Amino acid sequence: MNIGFWCCIALVPAYLITAILFAVFKGKCAKYITGFNSLPKKEQPLYDQEAMAKDMRNSYLLYALIMLLGAVFSVILSPYSAAAAYFIWGYFFFREVHLDPYKAFEKYLIK
(Lines give C-alpha, C1' and ligand atoms only; values in the text may rest on other atoms or scores of the structure.)
Protein backbone atom coordinates (compact mmCIF):
# COMPACT_ATOMS: atom_id res chain seq x y z
CA MET A 1 0.00 0.00 0.00
CA ASN A 2 1.27 3.44 -0.86
CA ILE A 3 1.14 6.64 1.16
CA GLY A 4 -1.77 7.94 -0.93
CA PHE A 5 -3.85 4.98 0.12
CA TRP A 6 -3.20 5.63 3.81
CA CYS A 7 -3.80 9.37 3.49
CA CYS A 8 -7.24 8.73 2.02
CA ILE A 9 -8.32 5.66 3.98
CA ALA A 10 -7.49 7.32 7.33
CA LEU A 11 -10.25 9.88 6.79
CA VAL A 12 -13.00 7.46 5.78
CA PRO A 13 -13.90 6.28 9.32
CA ALA A 14 -13.89 9.82 10.67
CA TYR A 15 -16.25 11.02 7.95
CA LEU A 16 -18.52 7.99 8.35
CA ILE A 17 -18.74 8.39 12.13
CA THR A 18 -19.56 12.07 11.74
CA ALA A 19 -22.23 11.27 9.14
CA ILE A 20 -23.74 8.68 11.48
CA LEU A 21 -23.84 11.19 14.33
CA PHE A 22 -25.66 13.71 12.15
CA ALA A 23 -28.06 10.98 11.01
CA VAL A 24 -28.84 9.76 14.52
CA PHE A 25 -29.03 13.04 16.42
CA LYS A 26 -30.47 15.08 13.53
CA GLY A 27 -31.30 18.68 14.52
CA LYS A 28 -29.53 18.40 17.87
CA CYS A 29 -26.21 18.25 15.98
CA ALA A 30 -26.83 21.60 14.27
CA LYS A 31 -24.96 23.35 17.06
CA TYR A 32 -21.81 21.55 15.87
CA ILE A 33 -22.02 23.03 12.38
CA THR A 34 -19.30 25.61 11.97
CA GLY A 35 -20.69 29.13 12.11
CA PHE A 36 -24.14 28.24 13.39
CA ASN A 37 -23.19 29.07 16.97
CA SER A 38 -22.01 32.50 15.82
CA LEU A 39 -25.65 33.37 15.13
CA PRO A 40 -27.46 34.90 18.09
CA LYS A 41 -29.18 32.26 20.27
CA LYS A 42 -32.58 33.88 19.74
CA GLU A 43 -32.20 33.61 15.94
CA GLN A 44 -31.12 29.95 15.84
CA PRO A 45 -34.68 28.57 16.15
CA LEU A 46 -35.56 30.47 12.97
CA TYR A 47 -33.50 27.97 10.96
CA ASP A 48 -34.46 24.46 9.89
CA GLN A 49 -31.93 22.53 11.93
CA GLU A 50 -33.22 19.16 10.71
CA ALA A 51 -32.46 20.12 7.09
CA MET A 52 -29.05 21.46 8.13
CA ALA A 53 -28.20 18.15 9.81
CA LYS A 54 -29.43 16.19 6.80
CA ASP A 55 -27.26 18.23 4.43
CA MET A 56 -24.24 17.82 6.70
CA ARG A 57 -24.85 14.07 6.87
CA ASN A 58 -24.95 13.92 3.09
CA SER A 59 -21.80 16.03 2.80
CA TYR A 60 -19.86 13.77 5.15
CA LEU A 61 -21.07 10.68 3.30
CA LEU A 62 -19.87 12.26 0.06
CA TYR A 63 -16.48 13.07 1.63
CA ALA A 64 -16.15 9.47 2.84
CA LEU A 65 -17.00 8.14 -0.62
CA ILE A 66 -14.49 10.46 -2.32
CA MET A 67 -11.73 9.38 0.06
CA LEU A 68 -12.63 5.70 -0.24
CA LEU A 69 -12.51 5.90 -4.03
CA GLY A 70 -9.22 7.81 -3.80
CA ALA A 71 -7.76 5.02 -1.66
CA VAL A 72 -9.00 2.26 -3.95
CA PHE A 73 -7.86 3.98 -7.14
CA SER A 74 -4.47 4.80 -5.61
CA VAL A 75 -3.89 1.05 -5.33
CA ILE A 76 -5.50 0.02 -8.63
CA LEU A 77 -4.45 2.86 -10.94
CA SER A 78 -1.87 5.22 -9.56
CA PRO A 79 -0.83 6.79 -6.25
CA TYR A 80 -1.73 10.13 -7.84
CA SER A 81 -5.38 9.14 -7.57
CA ALA A 82 -5.17 10.04 -3.90
CA ALA A 83 -4.10 13.57 -4.83
CA ALA A 84 -7.02 13.77 -7.26
CA ALA A 85 -9.36 12.67 -4.44
CA TYR A 86 -8.06 15.48 -2.24
CA PHE A 87 -8.61 18.04 -5.00
CA ILE A 88 -12.16 16.78 -5.56
CA TRP A 89 -12.80 16.79 -1.80
CA GLY A 90 -11.42 20.34 -1.60
CA TYR A 91 -13.81 21.51 -4.30
CA PHE A 92 -16.86 20.14 -2.48
CA PHE A 93 -15.62 21.27 0.93
CA PHE A 94 -14.73 24.86 0.02
CA ARG A 95 -17.89 25.27 -2.05
CA GLU A 96 -19.78 25.29 1.26
CA VAL A 97 -17.47 27.70 3.11
CA HIS A 98 -18.89 31.17 3.76
CA LEU A 99 -17.44 33.93 5.90
CA ASP A 100 -20.85 35.39 6.69
CA PRO A 101 -23.00 33.01 8.78
CA TYR A 102 -26.21 34.64 7.53
CA LYS A 103 -25.22 33.89 3.94
CA ALA A 104 -24.14 30.36 4.89
CA PHE A 105 -27.49 29.47 6.44
CA GLU A 106 -29.93 31.61 4.45
CA LYS A 107 -31.28 28.59 2.57
CA TYR A 108 -32.34 27.06 5.91
CA LEU A 109 -34.41 30.03 7.09
CA ILE A 110 -37.91 28.93 7.99
CA LYS A 111 -40.32 31.04 6.01
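**Aromatic pairs first**

Author: The count of aromatic pairs comes to 13. The model is a predicted one.

Reader: Why is the pair of Phe36 and Phe105 called edge-to-face?

Author: Two values decide. The ring centres of Phe36 and Phe105 are 5.5 Å apart, and a pair needs centres within 6.5 Å. Their planes stand at 80 degrees. Planes over 60 degrees apart count as edge-to-face, so the pair of Phe36 and Phe105 is edge-to-face.

Reader: What makes this pair a tie between parts of the chain?

Author: Phe36 lies in the loop between α2 and α3, and Phe105 lies in helix α5 (residues 101-105). Those parts are 69 residues apart in sequence, so the pair ties them together. Both Phe36 and Phe105 are buried.

Reader: Why is the pair of Trp89 and Phe93 called stacked?

Author: The centres of the Trp89 and Phe93 rings are 5.0 Å apart, with planes at 15 degrees. Stacked requires planes under 30 degrees apart, so this pair is stacked. Trp89 and Phe93 both sit in helix α4, four residues apart, about one turn of the helix. An α-helix has 3.6 residues a turn, so residues three or four places apart point the same way.

Reader: Are Trp89 and Phe93 buried or partly exposed?

Author: Trp89 has a relative accessible area of 18%. Buried means under 20%, so Trp89 is buried. Phe93 has 32% relative accessibility.

Reader: Which residues form one aromatic cluster?

Author: Tyr15, Phe22, Tyr60, Tyr63, Tyr86, Trp89, Phe93 and Phe94.

**Helix α2**

Reader: Tyr15 and Phe22 are in that cluster. How do you know that the buried residues of α2 line one face?

Author: The buried residues of α2 are Val12, Tyr15, Ala19 and Phe22. Seen down the helix axis, they fall within an arc of 100 degrees, so they line one face of α2. The face turned away from that buried side carries the exposed residues Ile17, Ile20 and Val24.

Reader: What covers the buried residues of α2?

Author: The cover includes α1 (3-9), α3 and α4 (80-95).

Reader: What span does α2 reach, and what is expected?

Author: From its first C-alpha to its last, α2 reaches 21 Å with 15 residues. That is close to the 21 Å expected at 1.5 Å a residue.

Reader: What stands out just after α2?

Author: Lys26 takes a positive phi of about 45 degrees, although Lys26 is not a glycine. Lys26 is placed in the loop between α2 (11-25) and α3 (49-76).

Reader: Why is Lys26 called partly exposed, and Gly27 buried?

Author: Lys26 has 43% relative accessibility. That value lies between the cut-offs of 20% and 50%, so Lys26 is partly exposed. Gly27 has 8%. The buried cut-off is under 20%, so Gly27 is buried.

Reader: Which residues does Gly27 touch, leaving out those up to four places away in sequence?

Author: Gln49, Glu50 and Ala53. The C-alpha atoms of Gly27 and Gln49 are separated by 4.7 Å, although these residues are 22 apart along the chain.

Reader: What makes Gln44 buried?

Author: Gln44 has a relative accessible area of 9%. Buried means under 20%, so Gln44 is buried. Gln44 also lies in the loop between α2 and α3. Beyond four places away in sequence, Gln44 touches Phe36, Asn37, Leu39 and Gln49. A polar atom of the Gln44 side chain lies 3.1 Å from the backbone oxygen of Phe36.

**Charges and overall layout**

Reader: How many salt bridges are counted, and what makes the pair of Glu96 and Arg95 one?

Author: The count is one salt bridge. The N to O distance between the side chains of Glu96 and Arg95 is 3.7 Å. The limit is within 4 Å, so Glu96 and Arg95 meet the rule. Glu96 counts as partly exposed at 40%, and Arg95 counts as partly exposed at 44%.

Reader: What is the overall secondary structure?

Author: Five helices and zero strands. Buried residues make up 32% of the 111 residues. Of the contacts with a separation of 6 or more, 70% come from residues 24 or more positions apart.

Methods. Residues numbered from 1 in each chain as written. Heavy atoms only, no water. Helix = DSSP H or I, 4+ residues; strand = E, 2+ residues; numbered from the N terminus. Buried < 20%, exposed > 50% of the residue type's maximum accessible area, 1.4 Å probe, protein only. Polar contact = N/O pair within 3.5 Å; in protein donor to acceptor, adjacent residues only side chain to side chain. Contact = heavy atoms within 4.5 Å. Expected span 1.5 Å × (residues − 1). Arc of directions from axis to C-beta. Phe/Tyr/Trp six-rings, centres within 6.5 Å; stacked < 30°, edge-to-face > 60°.
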